[in-house]
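Please examine the sequence and the structure shown below before reading the briefing. The notes after it are grouped by topic.

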Amino acid sequence: MAAKRSVIPFGPQHPVLPEPIHIDLVTEDEKVVEAIPSIGFVHRGLENLVTKKDFGEMVYVAERICGICSFGHGYGYVDAIEHIMNIEPTGRAKYIRTLLFELSRMHSHILWLGLMADAFGFESLFMETWKYREKVLDMLEAATGGRVIFSIMRIGGLRKDVPDDILSGFLPELDKIEEGIRACEKAFLSDPAVLGRLKGVGYLSKEDAVKLGCEGPFLRASGVARDNRMKGYAAYSDMDFDIITSDDGDSYGRCYVRIQEIYQSANIIRQCIEKMPKEGIYVPIKGFPNGEYMTIIEQPRGGACYYVHASGKKFIERMRVRTPTFANIPALAKTLQGCDVADVPILVVTIDPCISCTER
Amino acid sequence: MSLANFTKTEFKNLFRKPATEKYPDGPATYKDTTRGHIENNMDTCVLCSVCQMRCPTGAITVDRKAQTWSIRPFSCIQCRRCVDNCPKKSLSMAKEYTKPDVVKSQMDFELSDRQKAVLAEQARQAAERVAAAMEERKKAAASAKQTKDGEAKKSEDNKTQ
């Protein structure tokens, strides 16, 4: 006798979910046959504010698109405007931007590790990883003055300089964080109980990952070496790093890629501090932007596109953001097919969903 | 693969001091650079309204008639734009975060008596200067008229001759 099909609504409010995504799970005997995702619960209309805010003030709004990758959103908007206005930021501004970008990436990945530990029910590991996230937040606070929203970006450079003594103080902190994450890594990548929840769960092949248009660590965990940082925006062209990939294609691979990227980010920060130029941080701007530009940058969750269309006025006509989570949702629906109902929370967490920035 | 990987870390944590602060019981620690809340020195403020114009959320209101400077702390996003733009360096960023509240309050600050006296004195001097300038202009106009009248009279005399 064929098993009876039933639909389980999952989210938008769900104890294991940090983000308001709704998925209708069509199940057959505890197995998910089909997953139908739907989003649109926290739309705030931030993109439309671009027509009501001065283009310089809009940086604050862009930063508030997301609370975790806030620096990246500010950077993407500022980068697009700078290309429209033909402004080349100074070397020091570029290096500090790269450094803060990598700190945000560390912060986001460590946060994700904690959420992952929470999803498979390892509470003490969750608290341990967030202890190190706190150290990263402290570094961000020392550098910019804010823990979540940094308000340091400005069209033409930075609003304030980060002194060299604060930057050199980051080096011992980075060592401590790296040491702590190495201790946690053992639990994530070699603990049999954890491996039982991760290995082989939510497999996505390389072909499917490319076909479904995945982004970021989710894509790299399926063995596709694509990282927008390699395009060399900000000061990434001066940095020495490789794309981290994994051939596993499952939740374990995604965990591995993100842990390795934390070490990679720490290395890039060290390189930034070592090569930091001395010159100024700000180039004065003249007039209003006129033209359009589309830029793509690598957020912690993957590539994010920013489109800005300006018409030589104080207010910009159109701004559009495509976030990595939006690109990863089709692949999430694909990986959910055939998994156990108990694995659904883990799989949703493996794409590192950020629904607030997807809906803006 | 090995068993009990995390046990070592867990045991270490048993004998370490807590990683968190006991905030409501003890004082919270802030970095030197933390952007907590805006403070205005009412001894140096000249109520120029630049902060009001620059504030991206409209949290600051300057009332020149009542000589008050008000901020709505729940609208303030701590972007530091007003502090950067203050011409008298009267505004500053303090480290502590705004205290929680049950209503979206507004905090009004009145100019200090000393600063009120300074502003009144400045206004008086400015008024004096304006009055003096007006007086001078009037005199100049009167003298110009006189000379013009004189010239006109002369030309009339010439005509009659």
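The following briefing covers the chains, the sheets and the helix packing of this structure.

This is a predicted model, in which local features need pLDDT of at least 70 and side-chain atom pairs count only at pLDDT 80 or more, while totals for chains, interfaces and linings use all residues. Residues are numbered from 1 along each chain as its sequence is written, and chains are lettered from A and ligands numbered from 1 in the order in which they are written.

**Chains and domains**

- Chain B places 16 residues in contact with 18 residues of chain A; two residues are in contact if their C-beta atoms, placed from the backbone, lie within 7 Å.
- On the side of chain B that touches chain A, 7 residues are nonpolar, 5 are polar and 4 are charged. Here Ala, Val, Leu, Ile, Met, Phe, Trp, Tyr, Cys and Pro count as nonpolar, Asp, Glu, Lys and Arg as charged, and the others, Gly among them, as polar.
- Chain B consists of domain 1 (13-111) and domain 2 (113-161), with bounds that come from an automatic or database domain assignment.
- The centres of domain 1 and domain 2 of chain B, taken over C-alpha atoms, are separated by 48 Å.
- The contact between these domains takes 6 residues from domain 1 of chain B and 4 residues from domain 2 of chain B.
- On the side of domain 1 of chain B that touches domain 2 of chain B, there are 4 nonpolar residues, 1 polar residue and 1 charged residue.

**Sheets**

Helices (H or I, at least four residues) and strands (E, at least two) are DSSP runs, numbered from the N terminus. Two strands pair if DSSP finds at least two bridges between them.

- In chain A, 3 strands in the order 1-2-3 form an open sheet with antiparallel pairing.
- Strand 1 (5-10) and strand 3 (31-38) of chain A are the edge strands, each pairing on one side only.
- Axes are lines fitted to C-alpha atoms, for helices over the stretch in contact, and angles run from 0 to 180 degrees between N-to-C directions.
- Strand 2 (residues 22-28) of chain A pairs with strand 3 of chain A over 7 bridges in the antiparallel sense, and A:D24 stands opposite A:I36 in strand 3 of chain A.
- The hairpin of strand 2 and strand 3 of chain A has 2 residues between the strands, and A:D29 takes a positive phi near 55° there.
- In chain B, an open sheet of 3 strands has the order 2-3-5 and antiparallel pairing.
- Its edge strands are strand 2 (60-63) and strand 5 (107-110) of chain B, and its twist averages 15° from one strand to the next.
- Strand 3 (residues 68-71) of chain B runs antiparallel to strand 5 of chain B and is joined to it by 4 bridges; B:S70 has B:D108 as its bridge partner in strand 5 of chain B.

Two packed helices are described by the angle between their axes and the distance between the axes.

- The axes of helix 4 (residues 123-144) and helix 5 (residues 164-190) of chain A come within 10 Å and cross at roughly 165°.
- Helix 4 of chain A is therefore roughly antiparallel to helix 5 of chain A. Angles under 35 degrees count as roughly parallel, over 145 as roughly antiparallel, 65 to 115 as roughly perpendicular and the rest as oblique.
- Helix 4 and helix 5 of chain A make a left-handed crossing. A crossing is left-handed if the near helix is turned anticlockwise from the far one by less than a right angle, and right-handed if clockwise.
- The contact of helix 4 with helix 5 of chain A includes A:L125 and A:Y132 of helix 4 and A:I166 and A:F170 of helix 5; by class it has 12 nonpolar, 2 polar and 4 charged residues.
- The axes of helix 3 (residues 91-119) and helix 9 (residues 251-275) of chain A come within 9 Å and cross at roughly 155°, so helix 3 and helix 9 of chain A are roughly antiparallel to each other.
- Helix 3 of chain A passes helix 9 of chain A in a left-handed crossing, and their contact divides into 14 nonpolar, 3 polar and 5 charged residues.
- Helix 5 and helix 9 of chain A pack at an angle of about 165°, with their axes 10 Å apart, so helix 5 of chain A is roughly antiparallel to helix 9 of chain A.
- The crossing of helix 5 and helix 9 of chain A is left-handed.
- In this contact, residues of helix 5 of chain A including A:L174 and A:I181 meet residues of helix 9 of chain A including A:I262 and A:I269; by class, the contact has 16 nonpolar, 1 polar and 3 charged residues.
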